[in-house]
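Subject: Structure handover

Hi,

Here is the structure for you to open. My notes on what was found follow below.

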Amino acid sequence: CRESLGLRGKYCPSLTRPEIIEEASSWRHCYVSWERLRVGLGLDVPDFDIPMYLRVASVWVALKQWLGDHCPDVLASLAPGARARDFLSAEQALGTRLPPVVRMVYGVHNGQVLELDERVEQHLSLEPVLHQFYFGLFGCISFYTFYYSTRMFPLRSAVTRTLLALPRTGQGKLIFAGSLLTNSRTFTVDLRTGSVLLGSQECSPPSAVGRRDGLLRWMEEYVRRLQAGIYTSTKVDFEGLPMEFPRINLFPDAGPEVSVVVTRGIEARASAMFVTESPQVMFTYSIRLRVVDPDALGCGSAQLSTRHWRITDGLGNTEEVHGNGVIGKYPVLFPGGFQDVDEDSEPSATQLRHEGFFCYQSCTGRMTGIPPGQGTFQGHLRFIPGTLHTPLEMPPFDVVVGPFPLKIPEYMY
C-alpha cells in the first residue's frame, strides 16, 4: 500500500463524505478505500495523484466550514459528487479528457442545485425563489445595471453551456461557473493547460508544467480570501438594502486592496474590482459609509451632498470628477444606520431607517494607463450636518475616501 499509493500513514477518504480524510482500521482498508475512490473518479492509476486529491479535499473542507458559519443556504445547495459515468458522458460530449483535478473537484461536489434552476428551465415564476439568485458559491457583485452571482454549474449543465457557447465540441474548455441569469460573466477551465479564465482573461497564474491544477489553485486562493476576511458575507442586497439571506460579497473588505479612513466619526471603506466583461467599464468600486464615533460626528445626523473623485492611471494621468450625491442618492447617516433618500426628499420619522452601513457601487471607464502600472482612486464626500433641507448651524465637512488601488489582479473572481 505504501509503495503503490505513496502513503506515509493509514489515512483514507470517508466512504460517505469523500472530502473527509480519516484514519483507516488497517492497511487493507486504506488501500481498498483509495482504490474505490480512484475507480469512482474514473481515473487510471498513473493519473491518480493522491497528494493533489488531499489538496482538493482540504479546500472543500475549509470552504464548507466557512459556508456553514456564514452562508448556510449556499452550503445546502452543494450537490453530491459526480461519478465515473458522469465524467465519461462529459468527455464524450466534449471530445477530450478531463484533467484529473477537474474530476477530483467535481468528485466531491457536482456543482450547485437550486430550485431557481428548475423554475428557469420550466419557465415558471421565479418570484418565490428569487432570493436564491444570491446563493453563488463564488460570490456576488453588482454595479449600475450589472448583477452577478457566480455559481458552480453541475457537470452536465457545464457541458451544455460549453457546447452552446463554444461550438466544435467546446474547443478544449469547460464553462464550470457563471452567473445564473446572464451569460456575460463565465469562468472557464482550459482542459489542455488547466488554466482558469474569466471570459478570455486568465484569472489564475499558469500551472506548473504537467500539473494542470489551475482550478485547484484558484479555489485555494478563494478560500484563503474568505478565511482572511477579504471576502465577507453580508445581508445587504444589490441595492444596498437589508435582506434575510446572507450572500458572499466580492468587493475586498480587508487587506492592501482596501482603504479605511475615519473622518469626523464617519468611516469610509472602499475597494475596487477589475472588470473584463464590459468594453466600457474597466473597474467597479464600492464605497461603504457608516458612523463609528457619534461623539466625533457632533450632531444627530449628516446628509451626503456632493462628491469629488481623483482617478489616476498607471502612467500618472489624472481625471477629476465632481458631482452631486452618489448614483442619484443622498443618504442621511446617523449612529447605527442610515436613511436612503433622494435630493428632493426630506427624511421623516416614519421613513424606513436601515441598520449598518450605506453601500453603493459604481464604475470607471476604460483606462489606457493600466497596464503597465497600478492606478489609484481617492477623493472625498461632502456632508451637511442635519439634512440638506434642514441643515444645522454647523459648517459642512468632507469625509475622506483614502486611495485604493486600481490594478489587474493575479486572481479574479
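Start with Asp213: it is buried, at a relative accessible area of 5%. (Buried means under 20% relative accessible area, exposed over 50%, partly exposed in between, with a 1.4 Å probe and protein chains only.) This is a predicted model, where local features need pLDDT of at least 70, side-chain atom pairs count only at pLDDT 80 or more, and totals for chains, interfaces and linings use all residues. Residues are numbered from 1 along each chain as its sequence is written, and side-chain values use heavy atoms, with hydrogens and water left out.

Salt bridges

Asp213 forms a salt bridge with Arg55, with the closest N and O atoms 3.3 Å apart. Asp213 sits in the loop between strand E10 (201-202) and helix H9 (214-227), and Arg55 in helix H3, so the pair ties together parts 158 residues apart in sequence. (Helices, H or I with at least four residues, and strands, E with at least two, are DSSP runs numbered from the N terminus.) Arg55 is partly exposed, at 25% relative accessible area. A network of salt bridges links Arg55, Asp213, Arg217 and Glu220.

The whole structure has 20 salt bridges. The term means a side-chain nitrogen of Lys or Arg within 4 Å of a carboxyl oxygen of Asp or Glu.

Another one pairs Arg103 with Glu91, closest N and O atoms 2.6 Å apart. Arg103 is in helix H6 and Glu91 in helix H5, 12 residues apart. Arg103 is buried at 2% relative accessibility. Glu91 is buried too, at 9%.

Arg151 also forms a salt bridge with Asp117, at 2.4 Å between the closest N and O atoms. Arg151 is buried, with a relative accessible area of 4%. Asp117 counts as buried at 12%.

Helix H8

In H8 (residues 155-165), Leu155, Ala158, Val159 and Thr162 are buried. They cover an arc of only 100° around the axis, which puts them on the same side of H8. (The arc is that of the directions from the helix axis to the C-beta atoms.) Arg156 and Leu164 are exposed on the other side.

Core

The largest nonpolar core has 112 residues. (Such a core is a set of buried Ala, Val, Leu, Ile, Met, Phe, Trp, Tyr and Cys residues joined through side-chain atoms within 4.5 Å.) Among the members that touch the most others are Trp34, Trp60 and Phe383. Helix H3 (residues 50-70) gives the largest share, 11 residues.

Best wishes
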